[in-house]
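Have a look at this one with the viewer open.

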Amino acid sequence: VVERLDLTNTQTFRQKVLTYDKWWRQGNPIMLYLGNEGSIEAFYDNTGAIFEHAEALNASVVFVEHRYYGTSFPRGRNTTDLSGLTVEQAMADYAWFIKGLRQRLDCEAHQCATVTFGGSYGGMLVAWFRQKYPQTHAGGIAGSAPVDFYPNTGVQERFWNATMHTFTKFGTSGCGEAVNSGLARVANLSLTAKGRLLFEQQLHSCLPLHNETTAGAKVDLFIRGVLASLAMLDYPVATDFVVPLPANPVQHACEALENQSDPMIGLRKVVDLFLNGTGGFRCYDYMAEMVGRVTNGKFLGPQVQPDMGNWQYQACNEMILETLTSDGFGFYPPTDAQVKEVTAACESRYGVTPRPEWLPLSLGASDLRVGQLLFTDGEKDPWHVGAPRLDPSLKLDIVHHMIPGAAHHEDLRFDPPNPRPAVVAAKKLARDSIRRWVAQAAGVGHEVLV
């Protein structure tokens, strides 16, 4: 239904679903991936763990695309009306989908226990869906899900410290100093028109920066978005999940920074590593950043526009600290002082005023009251600072597991030829949790498993 929360609206739309049921038998569990900000095929191709769990449990695998992404557009792909793009509407879609799926599969009351999966925003949806619609499923695996990531909590400083932890521990010995030197150089050059002209040229800006007094803030956020995203995506194998990157990209970035006498050239090479590995950028759109002076956010650099769909609108509406940077591919949270600037940009571009207080009020942030949830985070991933701070006195089946040396929801990916023991252990924890929840949903003791 186009508008799930409007009971007078009966219009429907086509929502893409991908399924794999090679191992499934009637009544067996369903592993359901809750789609997030992008086409569902990308998550299907990069969430191998769900298939590993399904094979072990003789389960079905189902991926549902999020409304307003991929090809699932309630009002048509070219619509400018995004009012239906909210967390609440997406979760209502998933609840109705589960109900319909169970009917189509002829599942009886205690059959077809559904376990939800998601990574990043998808993991947030898993946690929130568990709070909102617990009767529809048995439990959820939330990978790298920053459900407690809101202004005025000090999260921005912790996010940057976590990013620097990855560069200093998993990069080269002088990498942290090189990063700080580069950012200090940006700050110093931004003070004068002559300095801004220099980094306009050295950092290959699409638009002139020398007369732009807020250029320093915009370039700083852009570069921090690149650095944080490289930390997030520091996988031990080459990937193309967000952008094409080599194995251990943080080490490559550190070498680029340390091998240049001019820190600005080093920063340019790091930006190239993250955004221009395939040569798809003509220049970089620093002026599109949402901090500093309000600008229109048009992208001139990428030859192919970023396929992040309507995330910027959705972040503006409900998740103000998760707006995009780095030409639509990176993330870096604005400081508390910059939130007003981002709010002004959201109002100018989309006509929406951010409401950062709504999701914590509606869905709890760290104040989760429904169990059967497993949160996993990677040590390298700066988003782990938004993990829920659990209250053990509630005695709920909610666990947060930090994976040493792992990147962004690395435990949701297929195992490489030589999987790291820490990731293998996290997957075992997930499978044990799934077995327990499935047994509970079937109304039997934990010793009775599929």
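Strands β2 (residues 30-34) and β3 (residues 60-64) run parallel and are joined by five bridges; helices (H or I, at least four residues) and strands (E, at least two) are DSSP runs, numbered from the N terminus. In that pairing M31 sits opposite V61 of β3. Keep in mind that this is a predicted model, where local features need pLDDT of at least 70 and side-chain atom pairs count only at pLDDT 80 or more, while totals for chains, interfaces and linings use all residues. Residues are numbered from 1 along each chain as its sequence is written, and side-chain values use heavy atoms, with hydrogens and water left out.

Zoom out and you'll find seven strands in an open, mixed sheet, ordered β1-β3-β2-β4-β5-β8-β9; two strands count as paired if DSSP finds at least two bridges between them. β1 (17-20) and β9 (398-403) are at the edges with a single partner strand each, so one side of each has no neighbour in the sheet. From one strand to the next, the twist averages 15°.

Now for β4. Parallel to β2, it is joined to that strand by four bridges, with L32 opposite T116. β4 also pairs with β5 in the parallel sense, over five bridges, and here the bridge partner of T116 is G140. Six of the six residues of β4 are buried, so the strand is largely enclosed by the rest of the structure; buried means under 20% relative accessible area, exposed over 50% and partly exposed in between, with a 1.4 Å probe and protein chains only. T114, T116 and G118 point one way, V115, F117 and G119 the other. In a regular strand the side chains alternate between the two faces of the sheet.

What about the nonpolar interior? The largest nonpolar core has 135 residues, and W128 and F167 have the most contacts inside it. Such a core is a set of buried Ala, Val, Leu, Ile, Met, Phe, Trp, Tyr and Cys residues joined through side-chain atoms within 4.5 Å. Its largest share, eleven residues, comes from helix α8 (residues 215-232).

For contrast, look at A187 in helix α6 (residues 175-189). Because its relative accessibility is 40%, A187 counts as partly exposed.

Conventions
Axes fitted to C-alpha atoms, helices over the stretch in contact; angles between N-to-C directions.
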